Amino acid sequence: MHGTGSGSSDPRRPDKEHRYKPPPPTAQAAPGEDLTPDYMNILGMIFSMCGLMMRLKWCAWVALYCSFISFANSRANDDTKQILSSFMLSISAVVMSYLQNPQPMNPPWSAIFV
C-alpha cells in the first residue's frame with residue numbers, strides 16, 4: 001500500500017501551507033469575479049427592447065437566449081428580481097412579436113445564403 005511503509009516520505013511541507021482567506025467584499029468587481037451574467041442581462045434587456053419596439057423577432061429570440069445565459073451563470077446571492085424581470089421582458093418580446101405577426105421568422109442573414 002502507498003504511504004503505509006516506514007520508508008515512504010510525505011511530500012507535503014508544513015511550512016508552505018497557508019489557510020485560504022476570501023478577499024474582502026468591495027464595491028468594484030474583483031479581478032476573479034465573472035461578469036458574464038451582468039453583461040448578458042444588459043444585452044438581453046437591450047435586445048428585448050429592440051424586439052418590442054422594432055418588432056424584430058430575431059432580437060426577441062436573442063434576448064431570450066441572453067436571459068437564459070444570464071440565469072445559468074448567476075450566483076445564488078445575485079439579484080433575483082433583476083434576472084426575473086429580464087426573463088419576463090424577453091418572453092414578452094417573443095410573445096408580442098408573434099402576436100403582431102404570426103408568420104415564420106425570416107432572419108436578415110437568410111438573404112445572404114440564397
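## Helices H2 and H3

Helix H2 and helix H3 pack at an angle of about 155 degrees with their axes 8 Å apart, where axes are lines fitted to C-alpha atoms, for helices over the stretch in contact, and angles run from 0 to 180 degrees between N-to-C directions. The two helices are therefore roughly antiparallel to each other, a term for angles over 145 degrees, while those under 35 count as roughly parallel, 65 to 115 as roughly perpendicular and the rest as oblique. H2 passes H3 in a left-handed crossing, meaning that the near helix is turned anticlockwise from the far one by less than a right angle.

On the H2 side the residues that meet H3 are Lys 57, Ala 60, Trp 61, Ala 63, Leu 64, Ser 67, Phe 68 and Phe 71, and their partners in H3 are Ile 83, Ser 86, Phe 87, Ser 90, Ile 91, Ala 93, Val 94, Ser 97 and Tyr 98; contact means heavy atoms within 4.5 Å. By class, this contact has 12 nonpolar, 4 polar and 1 charged residues, with Ala, Val, Leu, Ile, Met, Phe, Trp, Tyr, Cys and Pro counted as nonpolar, Asp, Glu, Lys and Arg as charged, and the others, Gly among them, as polar.

## Model and overall fold

This is a predicted model, in which local features need pLDDT of at least 70 and side-chain atom pairs count only at pLDDT 80 or more, while totals for chains, interfaces and linings use all residues. Residues are numbered from 1 along each chain as its sequence is written, and side-chain values use heavy atoms, with hydrogens and water left out.

The chain has 3 helices and 0 strands, and read along the sequence it follows the pattern α-α-α; helices (H or I, at least four residues) and strands (E, at least two) are DSSP runs, numbered from the N terminus. Of the 114 residues in the chain, 18% are buried, that is, under 20% relative accessible area, with exposed meaning over 50% and partly exposed in between (1.4 Å probe, protein chains only). Among the contacts in the chain with a separation of 6 or more, 68% come from residues 24 or more positions apart.

## Helices H1 and H3

Helix H1 (residues 36-54) packs with helix H3 (residues 80-100) at an angle of about 25 degrees, their axes being 9 Å apart, and that makes H1 roughly parallel to H3. The crossing of H1 and H3 is left-handed.

The contact draws on residues of H1 including Met 45 and Leu 52, and on residues of H3 including Ile 83, Leu 89 and Met 96. Its residues divide into 7 nonpolar, 7 polar and no charged.

## Inside helix H2

The buried residues of H2 are Lys 57, Cys 59, Ala 60, Ala 63, Leu 64, Cys 66, Ser 67 and Ser 70, and what covers them includes H1 and H3.

## Individual residues

Ser 90, which is found in helix H3, counts as buried at 0% relative accessibility. Leaving aside residues up to four places away in sequence, Ser 90 touches Ser 48, Ala 60, Ala 63, Leu 64 and Ser 67.

Met 53 is found in helix H1 and, at 63% relative accessibility, counts as exposed. Arg 55 lies in the loop between H1 and H2 and counts as exposed at 59% relative accessibility. The phi of Arg 55 is near 55 degrees, a positive value in a residue other than glycine. Most residues other than glycine have a negative phi.
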